[in-house]
Structures are given as structure tokens and as C-alpha cells.
Amino acid sequence: METLLQVKDLVKYYPVYSRGIVTKKVVGNVHAVDHITFEVKKGETVGLVGESGCGKTTTGKLILNLEKATSGSVLFDGFDVFKTFRKGSKEEKSRLRRSMQMVFQNPYASLDPRMTVFDIISEPFKIHRHLPKEEWGEQVYKLLDMVGLEPYHAERYPHEFSGGQRQRICIARAIAVNPKFIVADEPVSSLDVSIRAQILNLMLDLQKRLGISYLYISHDLSSVRQISHRVIVMYLGEIVESAPTEKHFEHPLHPYTRALISAVPIPDPAKKMDIILLPGEVPSPINPPSGCRFHPRCQYATPKCSSEKPALIEIDRDHFVSCHYAFNFL
């Protein structure tokens, strides 16, 4: 498949200031995203997983230029995203923004409670003006049908819907401008289990029909396995493993990935789960550990792990791991 998105050496540091009475002084940085590189191909879903605070959501916002990156680059369909938003024309920015959309975690917070569903879904038409006004109504009802809602829902307000229906509205708004790429930031985490499957199936159906690529951010490894073609695991701002989905779940090579997968619930009460319990807490992103950032919690750590940073290398076909001893798990 042809590459759609290339993230190269992406960095985001948030400065930490001292509590000065007169002046502020930078005393450190929060290493939210630290030199990550990956790509997304056309029509592909890449799952991005990891503990809270590992930099997943920040990565999604950086790609869409909703947050300003400290350094690095994002290339989308031949365009330099950061350069286009910094120096590009209004038309170039609008075209790029139409191609890249986001579905947020909390569907209720991302919908204006004072607007009807019709106004919410038609708002992108007003902003981007890529569709004649006389076609807005027809397109809104078409989008409602695509996401499994009825025409009469167009005149209702967000508070009149369930969580799953609100997320369908958010998805309809996102695809209203015919995007090529969507960042889905935990789109099913606030929904009931039965509704999660419906939303995931909707996203898969839209991908087949429209050829959309997804960056699917989630804690839920079960949903990641269902929807993703490839999985990237982040820990404390860095990528520690990247592999095709089945290879990732059947043969994880990084100790952190193995611990995450061991905690996935098994729908069989008779089968014993061998959960790997990680000691300690996630270190502070202000002062991350030297060497491998996972070494303070890793049962296989050696002095080399604390002094020498492991590179993200290809250990098996399309399987990249950042661990000095990943070959031991092959």
C-alpha cells in the first residue's frame, strides 16, 4: 500500500516554570513525545496504545497541528503539514484541514449543546465552502444514513441522544469534508461494551466505502485488535514496539507489550490468566530514566539497560522493537 502519512522524529516538550514572583524561569521539560517515527498507509488503521500519559493523544494532536511540535516533521500525502500551516496559503491550509480530521474521546463535550444535529454536521460546509449551499441538506441526510441515524434526528440536540448516537454524530461531522485520514482518540472508551462493537463496525464499514485511513488511539487492546492492521506501543513518550496486529498479539517481543497483552481479559472463566504485574509506577516524564525508559519496571533489566538506550530495530519482518534483549522472546 502507498504511504499516506509519515511522522519523522516528532518531539513535543512542555516547559516547566519555577514559581517566581516577578519572573518565570524554565526549570525543566515534560517529555510528552520524544523522537517518534512511524507511518500510516492509505486505507490502513494503525492502533496506538499505551498507559495514560504516554503521549498517545498528544501525538494525534501534533499530527493535525492542533498542538505545536517542538521539532520533527509530519508529511501527509506529499505535503509538509507544519510548513503548510506556518507558511501556506489559506486555500492550502483549508485543503489540508479537510483531508485530516479528528474524532474526540468524549462525544458530548465535542458537540455544541446549542446546535441541532443538522447545524453540527453542516458547519464544515460553511467553513470550507467545498459544497454548494443548495446541496447541504441532501448531504446532511446522506451522512446521517451512512452512520446509522434517521432523518428526523437532524432537528434534535445532542442531549437528546445516547452516547453511541452522539459518537455517530461526531463521525458524521468528521467525514462531512471527505477526509483521507482520521485520528480517532479513544472513540469507544466512554461507551457500553455492546455499543463499542457497533461503532467499530461503523468505522470499518466507512473505511471500506470511503478508503479512510485511521490512527486509532486506545487503551482497549481488544478493540485495537479488532480494528487495526498494525499496532504501535508507546511508553513514556517513546515507541517501544511496532508490528502487524496478529504478530503483535501472538508474539509480542518487548517486556512492556507482553505485560499489556497479559492483562487483556479472556472471555472464559475456566481459563487461568497469567497476568504480568509490573512493579512500581510510571516514572515522571519531567525526568525520565536514562537508557531504556522501561528498565526500572522490567524484570529482565541489566546494567546495560540503564546506561545504553536501545534503538528501535527490525527484529522480524515489519516487527520493530526497542529492547536490548528482544531476541530472547523470539
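Let me begin with a pair of charged residues: the side chains of aspartate 220 and arginine 196 meet in a salt bridge, at 3.3 Å from N to O. Aspartate 220 lies in the loop between β8 (213-217) and α8, and arginine 196 in helix α7 (residues 193-210), so this pair ties together parts that are 24 residues apart in sequence. By salt bridge I mean a side-chain nitrogen of Lys or Arg within 4 Å of a carboxyl oxygen of Asp or Glu. Helices (H or I, at least four residues) and strands (E, at least two) are DSSP runs, numbered from the N terminus.

The model is a predicted one, in which local features need pLDDT of at least 70 and side-chain atom pairs count only at pLDDT 80 or more, while totals for chains, interfaces and linings use all residues. Residues are numbered from 1 along each chain as its sequence is written, and side-chain values use heavy atoms, with hydrogens and water left out.

Aspartate 220 is partly exposed, with a relative accessible area of 23%. Here buried means under 20% relative accessible area, exposed over 50%, and partly exposed in between (1.4 Å probe, protein chains only).

The count of salt bridges comes to 16. One of them joins the side chains of aspartate 34 and arginine 293, at 2.3 Å from N to O. Aspartate 34 lies in strand β2 (residues 26-41) and arginine 293 in the loop between α10 and α11 (303-307), so the pair ties together parts 259 residues apart in sequence. Aspartate 34 counts as buried at 5% relative accessibility, and arginine 293 is buried at 7%.

Arginine 293 also meets the side chain of glutamate 238 in a salt bridge (3.4 Å, N to O). Glutamate 238 is in strand β10 (residues 238-244), 55 residues from arginine 293, and is buried at 13% relative accessibility. Elsewhere, Glu2, Lys42, Asp77 and Lys180 are linked in a network of salt bridges.

I turn now to threonine 116. This residue sits in the loop between β6 (100-103) and α4 (117-128) and is buried, with a relative accessible area of 9%. Beyond its neighbours within four places in sequence, threonine 116 is in contact (heavy atoms within 4.5 Å) with Ala154, Glu155, Arg156 and Tyr157.
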